[in-house]
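Hi everyone, thanks for coming. I'd like to walk you through one model today, so let me put it on the screen.

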Amino acid sequence: MTTTTLTHPVPVDDGHGHGGGHHEIEIPYTLHPRPDTGMYNGKLGIWLFLASEVMLFGALFSTLILLRTSAPSWPHGWQELNIPLATLNTFILIGSSVTVVLAWANLRLGDLRKGKIFLSITLLCGLGFMVIKSIEYATKFRHHHFPSTNNFFATYFVMTGLHGLHVLGGMIVFGYLIGPGAKLWETNRDQYTNRVEVTGLYWHFVDLVWIFLFPILYLL
Amino acid sequence: MRDFVGDFLREAMPPDYSLHGPELDRLSIYVHWLMLILFVGWGILFVYMLVRFRASKHPKAVYHGTKSHISKYAEIGVFVIECLLLFGISIPAWSRWTTRPDNDKNALEIRVVGEQFAWNIHYPGADHIFGKTNVKYVTSNNPLGLDPTDPNAKDDIATINQLHLELNRAVLIRLTSKDVIHDFFLPYMRVKQDAIPGMEIPVHFTPTHTSGTETWDIACAQLCGLGHFRMRGQYHVETKQEFDKWMATQTPAVASISE
Amino acid sequence: MPPKRQIRVGNQWMYARDARRALEEAIRVSESEAKAHEHHVPFIRKYVFSTDHKWIGIQYAITALTFLLLGFSLMLLMRWQLAFPGKPFPALIAKFLGSSNAPGGVMLPEFYNQLGAMHGTIMVFLAIVPLAVGAFGNYVVPLQIGAPDMAFPKLNMMSYWLYLPGGLLMMSGFFIPGGAANSGWTSYPPLSIIATNGQTIWILGMVLLITSSLLGSINFIVTIFQLRAKGLTFMRLPFFVWAQLITSFLLLLAFPPLEAAAILQLMDRVAGTSFFLPSGLVISGTPLHNAGGGNPLLWQHLFWFLAHPEVYVLILPGMGIISEVIANNTRKPLWGYKSLVGAGVFLGFMSFVVWAHHMFLTGMGTAISAFFQTTTMIISIPSVIILTALIISLWGASIRFTVPMLFALAFLPMFGIGGLTGLPLGLAASDIHLHDTYYVIGHFHYVVAPGTIFAMFAGIYYWFPKATGRQMNEFWGKVHFWLSLVCINCIFMPMFYQGLAGVSRRLYDGGAQYMHAKPVIHTNVFISSAAWLLLVAQFPFIINFFYSIFKGRRVEANHWHATTLEWSAASAPPLAHGNFAVLPVVYRGPYEYSVPDHEGDDYLPQNVPEDQPGAPVPAGGGALHGTAVAQKES
Ligand code: HEA
Ligand code: HEA
Ligand code: CUA
Ligand SMILES: [Cu+2]
């Protein structure tokens, strides 16, 4: 009886597509879901990350509510801010949430080319959002509206600024996934697809934050 | 049993010279009794087990340990006592502490304004109405920023770090701050309250002892900068005659503003 | 029916002898592979930017211990000023501090405030949390759940490499004009907003540390959920893993609001906003030109929303360590494992709804105060349950007074004192007198110093053989223990007395100015002397620690005859090579000591297949018993 003939009592990774040997430490469930949790590591990780993001933006929304309710006067968003541009931005972001799902779906079907096209559209949407946002910012600055002007603008700039940083972060990841990161497709399709899925979840969240920001800052 | 926890605490705490103080102290004493009983109870058991179950005397451990439910009753007991203290004393005491008592129609009303690193005391004067204040009037002669044009301010009296109170007369302090957060702390009165800029917080208490020749300090209990440790004022609890006499010697604050 | 005299390995039956051989072969193969493999890992990838959880754990441990010593040293300086207000330092120290901090050798009040704020910050964010979570969590959790590493090794590396720069950045505050942050570890505005630039550094440092903690907590949760060995159900997890899991959730959900608050405070400081600044402030006689309309209490709410859960982050991993040590040294299962877990989870939930008990005196009305007092009383109950379970675990034990056990035992009454003194603070009416006095300082130091720090010491002595294959000297360990226990009580016990007398905290002269402090002020000399002695008491530890790494007594892999999985891996498991030649399988709960009817050893490791009377259980020393099968991947 030799060790080589024994069967492995615990597969190191149920779902690992290739052997891998002992050269890299193999972490279980990087690719396929663990049966009892129903998720692969990256997906659980991103959900947890998003939970923390909910707390982050939750704190900022609470701040806004507290400052606004205790202020003797507070300008209406529609008096100070550019609603058409923001509406446009809302549609751009919602659209990009759709395209990122399409990208993932195409990758699942094995179509890298289409996947990349949809990823690029998503990236462009992000870019469009940022351009419009900077136009908005620029007009505010021209009218001498700065974060220090009053608490309305302070919350406006901080919340949209932080949201903008999130958009930017997403764009960087998309850029990576379209460019150098796409090499992974050749060696490990599943992992590449997972990465797109996880980034997509993040992107939905960024979208969702905007869907809260838009009415609260602009319409109320 | 002798109340030696109470004796110890009364010894350790500063004397208690206010109307509401004894209630707070009583709560403290009860809680400390609870703490002591718990600690000593578990402590005795703990030491007993250390001795009885040391490996040299008890080489083979018992897998199941104890089956007794005493701990459950102890835990429930703790919770019940905590609830009694909470609903029986603490919450009612707090509600009395934060709401203005009905019997203080005649309360002595004073504004206290903290600043780095002094206590500005503001009496409304004979008209019992505080003059308006505004930051634009603040100068070194007018730290409160009293509005000299306001008729109500004419008779207002301002002191720095000197608070005079009347024996057995309810006090209503309107507490705020000009710059950072301070904390108005009168240990002998069991009074402690944050002074927060942008807020005016009412503080009520009634002194029941005169300070006589003793120095009673107003301490600052909230870190407020490099001079926090020396942000010290004095308060004097006097009989009505003494208090009125002192009041009479004060010149209205507006008089010194123009100088 | 199991075949006679055979043991089950995975899903087959075989003779123990064959199993042993297979096991030895597996170990030999994996060790030689590990050796061969080690050569391929360049130094920088192995020791600097390592992705191996064990090495990252060690990096965290060394860094955090250094910060612990630093935080302690700052306090020792403060204790001089408190004992002898206005008296110059001994010449050497005075020279070291320099004339900008201590002209003529006398510490300036500004500098005292810097030391205080940084002591608190260092201890909480740079020493204890990284030690409890970063070091112990990293090193032990994957081993205890039978995982090859953390779920995201690169993320793990990034956590460390955000923590270290964050810490160094924070320290750099001492070297800029105006010095380090000086508004307390709580950084209450408006003081923190008009403070010197050290505060900006503090905020930036915090942002790095928060990010580091966030990455770390995600990593821990995913690791514990996803990488548990086969058979290791949640109710078979060692309590230490539970404690780390709950801690990670607290970090995950509580830190982001502080991050938000830090961003707002940064804006207030650098962009001229007024989130925390009300209108009409007058700073040293001149009106502040800001928009106003902000609210200083907003910061306090956001801060304590983090900082209260944070204090349970400081204690839970400690309780986890204590549980492991107690189970092991009582040679019996923990009493009430289920209630421990339940209480821990409940504690985690409740810790999010008690934060405003730090703010009773901010002008709080009856309803809100009643709410927070009630939640505070409720949250004290799970702590009572946990402590009770640990104490009662001693009943029927066979207590071995090893060094880790001494620290673990001392933890119980010490945490008891700290926790119990939380009660008068949690009742708002008695908090009026005690708030912001040394009573509070005494309260929380009892939980974090002879509480958490002792738990950390217990953990270091306990897992040292695991990490190094050697044991720390027992005699010097006991010296370290007894001296520390005495000194630390001499430091913190008198503080209750001072606090009852009404001595405020954060006073540069320790209250020497105030009449009401007169009766108790003399205790400061005693406290400070005990603090300096406490430093001396650490030398046996520090020397023992480094000496034992190289020269300590070599011990077998399962030195303490423990049951949890980490002890089934080889001692000092090789770096950059996973942990187990074969991932273990778990058959039972974590603390099966002194199982009735079980002959032979008094412990049954989690991964030994079946309780077969008479069947030879591979003893410690050989790693990986039980899962005596390896697959040589082709
Ligand atoms: C690890 C840290 C830790 C822990 C566990 C706790 C636990 C508790 N804390 Fe503490 N606390 C702090 C750290 C901690 N605290 C810090 C750092 C501050 C100050 C921050 C600052 O202002 O800078 C603070 C401040 C603080 C305040 C604010 C005080 C003030 O500023 O006025 C309050 C008020 O409610 C409070 C309450 C409590 C309560 C009710 C518990 C309860 O959870 C305790 C429950 C435990 C028990 C009730 C013990 C059970 C004991 C036994 C069963 C007996 C055992 C006996 C033997 C073994 C012999 N704490
Ligand atoms: C986890 C938190 C923690 C810990 C562990 C400590 C530990 C200690 N603290 Fe701390 N303290 C705080 C958190 C902590 N403190 C906070 C938050 C404040 C409030 C700050 C503020 O006001 O804003 C405070 C304030 C505070 C004050 C009040 C100051 C004031 O109000 O003016 C005092 C006064 O004596 C004090 C003393 C001490 C002492 C003597 C210790 C001792 O117990 C220290 C013991 C340390 C050791 C025993 C270290 C051992 C180290 C090693 C052995 C290293 C080995 C190294 C290698 C092997 C590489 N502390
Ligand atoms: Cu004012 Cu401290
Ligand atoms: Cu708390």
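Let's start at the iron atom of ligand 2: its 6 donor atoms subtend angles of 88 to 179°, which makes the arrangement octahedral. Octahedral here means six donors with opposite ones over 155 degrees apart and all others between 65 and 115. For reference, the ideal angles for six octahedral donors are 90 or 180 degrees. Donors are N, O and S atoms within 2.8 Å of the metal (3.2 Å for Na, K and Ca), and water is not among the atoms, so sites may look incomplete.

Before I go on, a word on the source. This is a predicted model, where local features need pLDDT of at least 70, side-chain atom pairs count only at pLDDT 80 or more, and totals for chains, interfaces and linings use all residues. Residues are numbered from 1 along each chain as its sequence is written, chains are lettered from A and ligands numbered from 1 in the order in which they are written, and side-chain values use heavy atoms, with hydrogens and water left out.

Back to that iron. Which protein atoms hold the iron atom of ligand 2? They are NE2 of C:H119 and NE2 of C:H445, lying 1.9 to 2.0 Å from the iron. C:H119 sits in helix 5 (residues 109-144) and C:H445 in helix 16 (residues 438-468) of chain C, so to speak distant parts of the chain, 326 residues apart. Helices (H or I, at least four residues) and strands (E, at least two) are DSSP runs, numbered from the N terminus.

Helix 16 of chain C also carries C:H443. Its NE2 is the only protein donor of the iron atom of ligand 1, at 2.2 Å. That iron and the copper ion, ligand 4, are 4.6 Å apart. The copper ion is coordinated by C:H308 (ND1), C:H357 (NE2) and C:H358 (NE2), at 1.8 to 2.1 Å, and these donors follow the spacing H-x48-H-H along the chain.

Now the chains. Chains A and B share no contact, with their closest C-alpha atoms 11 Å apart. Between C and B, 92 residues of chain C meet 84 residues of chain B. The buried area is about 7600 Å², with 70% from carbon and sulfur atoms; that is the accessible area (1.4 Å probe) that two parts lose on being put together, summed over both. C:W395, C:I432 and C:Y514 supply 9% of what chain C buries there, more than any other three residues.

How many salt bridges cross this interface? The rule finds 0, a salt bridge being a side-chain nitrogen of Lys or Arg within 4 Å of a carboxyl oxygen of Asp or Glu. Over all chains, though, the structure holds 20. One of them joins B:E23 and B:R96, with the closest N and O atoms 2.3 Å apart. B:E23 lies in helix 2 (residues 21-52) and B:R96 in helix 3 (residues 70-98) of chain B, so the pair ties together parts 73 residues apart in sequence.

Last, some backbone details. Most peptide bonds are trans. The bond from B:Q116 to B:F117, however, is cis, with omega near 0°, and B:F117 is in the loop between strand 1 (108-115) and strand 2 (118-123) of chain B. A cis bond also joins C:P189 and C:P190. Thanks, and happy to take questions!

Technical notes:
Contact = heavy atoms within 4.5 Å. Tetrahedral: all angles 85-135°; square planar, octahedral: opposite > 155°, others 65-115°.
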